[in-house]
Every structure is written in C-alpha cells, then in structure tokens.
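Have a look at the sequence and the model below before reading on. A short tour follows, written for someone who would like to find each feature on screen.

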There are 2 protein chains.
Amino acid sequence: MLNNSLMGLGVRARKSATELAIALSGVKNDALEAIASAVAFHMEQILAANAKDMAAAKESGMSDAMQDRLLLTEDRLRDIAEAVRYVKGLEEPVGRVVGGDIRPNGLQIVKRTVPLGVVGMIYESRPNVTVDCAALCLKSGNACILRGGKEAIHSNMALVSVMREAVESVGLSADCIQLVEDTSRETATELMRLNGYVDVLIPRGGAGLIASVVKNATVPVIETGAGNCHIFVDATADLEMAARVLNNAKTSRPSVCNAVETLLVHRDCGAKFLPMAADALAHAGVELRGCEQTVAILGERAKPATEEDWATEYDDYILAIRVVEDMEEAIAHIEAYSTRHSETIMTQSHDNARLFCDRVDSAAVYVNASTRFTDGGEFGLGAEIGISTQKLHARGPMGLAHLTSYKYIINGSGQIR
Amino acid sequence: MLNNSLMGLGVRARKSATELAIALSGVKNDALEAIASAVAFHMEQILAANAKDMAAAKESGMSDAMQDRLLLTEDRLRDIAEAVRYVKGLEEPVGRVVGGDIRPNGLQIVKRTVPLGVVGMIYESRPNVTVDCAALCLKSGNACILRGGKEAIHSNMALVSVMREAVESVGLSADCIQLVEDTSRETATELMRLNGYVDVLIPRGGAGLIASVVKNATVPVIETGAGNCHIFVDATADLEMAARVLNNAKTSRPSVCNAVETLLVHRDCGAKFLPMAADALAHAGVELRGCEQTVAILGERAKPATEEDWATEYDDYILAIRVVEDMEEAIAHIEAYSTRHSETIMTQSHDNARLFCDRVDSAAVYVNASTRFTDGGEFGLGAEIGISTQKLHARGPMGLAHLTSYKYIINGSGQIR
C-alpha cells in the first residue's frame, strides 16, 4: 500500500505539472525572480531553521566537513539567490522545435520539446540543492518532489515554504514544488515506486543511495554521480604536463565525482613519472596506494594497493596507482573498474589519443586535460542537475535540456492510412 | 543468485558489444547482408523448426489468429530478409557528431553518438521480431539479448543460429546476437536484473508483460506499446472526414497499438455524428459501448459502457464512446485514461486545434488525421524497434537513433581547472 500522504503529494504534483507544462516563459521567469527575492527577504527565517539543523548536527557528533556542507549563512543564501537568477537567464528549454517535416501524404509533423512532468529528487545534506533543483525544474516546466536528508529537514522546510509562497505570488500553483517532510527510508522507497506520478527520479548522493534507488525504483531513474575516474599516462606523454594535470584532478577538490581516483602509468615511463607524480601531490599529503611495481619504484612513499582499491571512489586525498604493460592493459583496467564517468589519457601520440577516445566507454574521455572539467558549467550547459553515468536519456552533465522530453504534433487534412 | 548460464550470456554479450561499438559501417553492413542471404539460404531448416512450433501450437489449442502470427512461410522469410536489407541501407547511426564547441579555455569538445551497449528485448510470439531486433541492434552497434516467447522457441533458435553464423562469417563475434533459450518466467526476471550487462531493456508485448517488466526490472527500461488512443470529434468538425478517420483508426488494423479505442464526441454534434460513426463502422461489425447519452442516441446499436471500458485497450473490433460537454471534458478524459500514445482531434477550429495539441500530453497528438500514423516508417524514421510510451530517452516511434547514446570527447593541451 502506498503511503497516503505521499500519494496525495504525488497527485498534487501531477496536477500542477499539467498547468506548469503550458506556462509561458515570462511567468516561469517571474516565479524564479520571486524565489530569488524571497530567499533574500526571508533570510532570518531560513537561518533560524538552519540553526535548528546545525544544533542537531552538533549534538549527533556530525563531522566538521559535513557540518560545513549543512551550514547556511547570509553569504551562502545570497549565492543561492544569485544561482536562481542565473537559471532564470538561461534559454527557455520548452517548446523548442527539434525536428519535423512534411510527409509525402501531406501530414505536417513538428517535434517539440515538452517538460518531463514530475521530477523526483532524492539527495543528501546540502540545502542549496533544494533551491537549485526547484529552480531548474521550474525553468523547464517540471513539478518537483524533493526528498532531502533528515539532517537538513528544517532548512529544507523553510526554503520550500519560501519558494512555494513566491511561486504562488505570480499566479502559479505552489504544488509544483513539493517537499517530502517524512524523511524515513520507507517513504523514500515509496517515492521510488510512485509510478504514474513521478516521470523520472534523479538520485544525487553517495554510492549507497544510488544502489538503493537502482534496486528499489520502479519509476524511470537517471543514475548520477558515481565517479571512479582514471588518468592514463602513456609512454609518449609530456610528463610535466601529466604531473600538473594529475595534481589538479586529484587535489583541486577531491570530494567531487570528477576527481581522479586511479593513475595508470605505462611501464616505459613509470620509473621516471612516478617520483614526479609523488612530488606533485606531496603538498596535499595525498596517500598513494600502488601495485607491486609502483611500490618498487616509490618505496616508502606508496603503500601496497589491494583489489578493492581499484574499485573504490575515495573522494579523498588518496590515489591508487598501477603500472601497466601498454595501452591495452590500461583500457582493460578502465573497462573493468570504471564507473564510466570521466577518463583522461596523457599522450603525445595521435594514434593513441584516437584509440583511447574510441575505445574507452565513458561519458567524458579526455586527451591531455583534467577530469575535473566534467561539469555542466564547464561544458557550457548553463546549470547542472547532476552528472549521469548511464547511457539512457542523458549521459554526462545534465542541463535544462535533459529535463525535457518531446512530443510529435501532426497536422492533417483528413489523412487515413 | 543470478542464473549462471544467463550471467555467462551477459558476459559474452558485453564483451562482443565492446568490439561491435567500434566496428566500421562497412563491416556491420556486410554482416546484415550476410544475415539476409543466410535467412534465404537456410529456409528449409528455419521452416522445419517453425513446423515444430506450429505443431505444438495446434496441440495446445492456440487461436487461429495467434497461429497466424507464429507461422513462417517462404514468402514471409523473403520479407524478413528484405527487411534486413532495408535496415542495412539506413544511415549509419553511430559516430555522428551531434554537438560540441571550443570552450573559452581551449578545450575542444565533440559530442558523438555511440551505441547503448547491450540491448535486452523481451517479446512475444512473432518470430520476425527476432530478426528485426537483431538487425536494428547490429546496425546501431549494439549487442542484443533476445528473449522471445516459449511458443516460438524452435523458430527463434533456428533464426538466431543462422544469424550468428552469418555475423561470424564477416569476422564479427557471433556473441553480439544472443538468445535466451530458457523461456521460464524466472529467467526472464533474471534478465530484467542483469545490471552491468544489459544497458537497456525493451519489452514488446501485452500490458501484462510491460507491467511485469516495470515492476521487476532494475536495469533501465523503455516501456513500449500500450495504446489506449482517443479521437475527439469537436463541435466544429467536418463530420464526414471524422467518420472516415474514425473508421480508419478503428478498423484498418485493430490489433495494433495505434488503433483508436475510445471516441469522444462534443455534445453539440453527438446526435448528428454518432449515427454516422455507427454507419461507418458497421461494415466491420464493430461493437459499440457508449455512455448514457450515446445509448440514448444510438439505441440498440450501442451497449452501455462501464468505467472499465474507458481504461481498456481492446485491440479488437470494439469502440468505447462518450459524449462530452466540451473540449475541457474531452481533455480531462484523455488525461485520466490515456496511455499517452496517440490522440486525435477532429476540428475546423484553429483555437481548439492549438489548445488540444498544447494540452494533451501524449507522444503523438493529431489534428484531422488517423492515429494509425504513429509508426516509425510513417514518421520517416526508417525502421522501428518499438513505440515508447514513456518520456525518458525516447517518446513515440523509436528508430536507430534511439538505440544510441553519446559521449563527450575532449581534446586539450594540458588544461587544469
């Protein structure tokens, strides 16, 4: 049996989605402007709610890093409001004609983008995601059902309340932004099975959350964010460039999904490159876990890696290292362990660059650049609702266009088949 | 625990998909030509296998209509071979550049189509689907795992054996075409959960099959084929045209998903149009099931409809009829009961045509034309692997392009973020 209140929320979301689907750009943009203003105007109320979450977080012994993710400040709220205005300024994604022709029988076909309908989001900790997702969904004409983490519930309730009021102030239904206030696991599972009310579910969070969604969901899902990324340093690589790119990919922001987790080094340059790599990463105290040959070259600077290391997304100052016989072995390693997010080859060989790009089956394949660029903003998509690691519907960074579907509109004059 | 032999089949499919993904057009087309020739060359063997299925079908008391769907003949095999040559002649769907630019930092991004990987198909009865799907998957660089119905197992085994041999004869791995020979329900469920080995599962069949896949699958699914389609005859409609279109949509091929199931009539033209509709459908003996007003108008020509009728896809010579107050009520009815496949408005009003197209949320929305046109061939997609009734990835008729994903290839010169 479905949870009654969740079902009610689904019914209201579906109803508002029907209205929102045909809302004009101007109205949606007014709503976004109203949200941005309201977040600034109601700062005190939002910060007071956040203070409750922070108090509970301290009491529960949450780590400092996690507390920092949860914390809202006046500056952060101003940034959140600015992000909403940025979304407002993006190109309208709905109603674009993306195909069509006149058929030999005179049928005039137009293929036009439409919203997906109701987008479900299940995510963790950071309250800014609540506003980001609501804004992206609103811009793309989708109602959203947001299910954030328990630890941010007061912040999320305050933010959603403020946003709903803002949306209503321009004449749209508040129900296009819904928060699941019951943060139990059971209710999350019900949300994953709200067929007929949720058109797509996008989980954003750790491997555990994603796995639970894939296992339990019966609504369509876009898997996001798993990032076991690799850099392969080919024998022909510019080694100084490789050390620079490696350092950037590992240490500029190790907690994100596009950070590199495993370095693969061609054996012909291993003895020369590995000490350079260790030097480049030393400033950040990166822990190195290497294969036998790596340990033979680096000595005490590296610990021995286990099978588990190849499959692990550390999201931390840790790097797995493996010396490979050739590019074939590098590609096979990536095939075996990658989450198909982002991989880089560092090479000066045109042939190897081409082969690597053709054969590595990941959302983003780089030649001589940091994996950190896999991002909606960096790819020019405007804003990003997540990075898909599946092949269906969307792959890699997902922007507003990926929150739309399309329909065929066919004008005839009595044609029969 | 996963079925060992199914897992083995998944492993082999995945491996061959890796090779097939980078196979050149010429090689894939050679394989398709080899399949077409082989189907013709091995006719006797295939017909002998089909005879076994037909004998079992007769023994089990299968209906004549179903037996006809199962039957292969020399002519039908020649048609199947021709369909493969047609797929061969379609435009190469893999490797197309569908986006990209040079970023401000000099990164050169190319967005290129790639195969999905391994496509799972679960379908019923007709053995021609086995060859159609294999050909479409091969052309789009995908390995396929085919799970046809028990009643066609000997035909399918013969066809797959012939195709595998043909594929191997041009140097590709036979494992890119796999048949699940165990047709138990348990094995079908395992296939729906073969995460990591199946990139997308496309069920083709009745409502029961689709529902089972949606409930049980943990791999990404594209729902296809549910078609509770509507025709709304507006007060301004050209009634003769409406009767012609209705007759075509109901009787030209009632068993298919794009046939109309419910007629909605504006009350202002009900008294005039319903007798015309009944006359137009009389030649085919269509059973009419109407609302109270319909029965009041048509008398004994119509039976009373129940709530269940509005939700039923008859796939038969039966039509549900409802008289509505206005277009709002027609749109609300469609919103409540449609499977979001295809709907038609018959109208001479520009405003109503526009509103209907904007507000009806179905894959194909028609003005003054038969719903029967929702079809890959009719839409100019070449060939069709199914008609999606979901919004994610593909909506409406799916052709070769929908069997692809894309990847980003990024060329740099040492860029860091």
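## Before you start

This is a predicted model, in which local features need pLDDT of at least 70, side-chain atom pairs count only at pLDDT 80 or more, and totals for chains, interfaces and linings use all residues. Residues are numbered from 1 along each chain as its sequence is written, chains are lettered from A and ligands numbered from 1 in the order in which they are written, and side-chain values use heavy atoms, with hydrogens and water left out.

## The sheet in chain B

Chain B holds an open sheet of four strands with parallel pairing, in the order β5-β4-β3-β6. Strands here are DSSP runs of E with at least two residues, helices are runs of H or I with at least four, and both are numbered from the N terminus; two strands pair if DSSP finds at least two bridges between them. At the edges are β5 (177-179) and β6 (200-204) of chain B, each pairing on one side only.

Strand β3 (residues 118-123) of chain B runs parallel to β6(B) and is joined to it by five bridges.

Helix α6 (residues 128-139) of chain B lies across β3, β4 (143-147), β5 and β6 of chain B, at about 165 degrees to β4(B). Helix α7 (residues 153-169) of chain B also packs on the sheet, touching β3, β4 and β5 of chain B, and makes about 160 degrees with β5(B). Contact means heavy atoms within 4.5 Å, and angles run from 0 to 180 degrees between N-to-C directions of axes fitted to C-alpha atoms, for helices over the stretch in contact.

## A helix pair

Helices α2 (residues 25-41) and α5 (residues 74-88) of chain B pack at about 170 degrees, with their axes 8 Å apart. That angle makes α2(B) roughly antiparallel to α5(B), a term for angles over 145 degrees. Among the contact residues are B:Leu32 and B:Ile35 of α2(B), and B:Ile80 and B:Val84 of α5(B).

## Where the chains meet

Chain B and chain A each give 69 residues to their contact. Between them they bury about 5,700 Å², 53% of it on carbon and sulfur atoms; buried area is the accessible area (1.4 Å probe) lost on being put together, summed over both parts.

There are six salt bridges between chain B and chain A, each a side-chain nitrogen of Lys or Arg within 4 Å of a carboxyl oxygen of Asp or Glu. B:Arg417 and A:Glu378 meet in a salt bridge at 3.3 Å, N to O.

Note on methods. Parallel < 35°, antiparallel > 145°, perpendicular 65-115°, else oblique. Buried area = accessible area lost by both parts, 1.4 Å probe.
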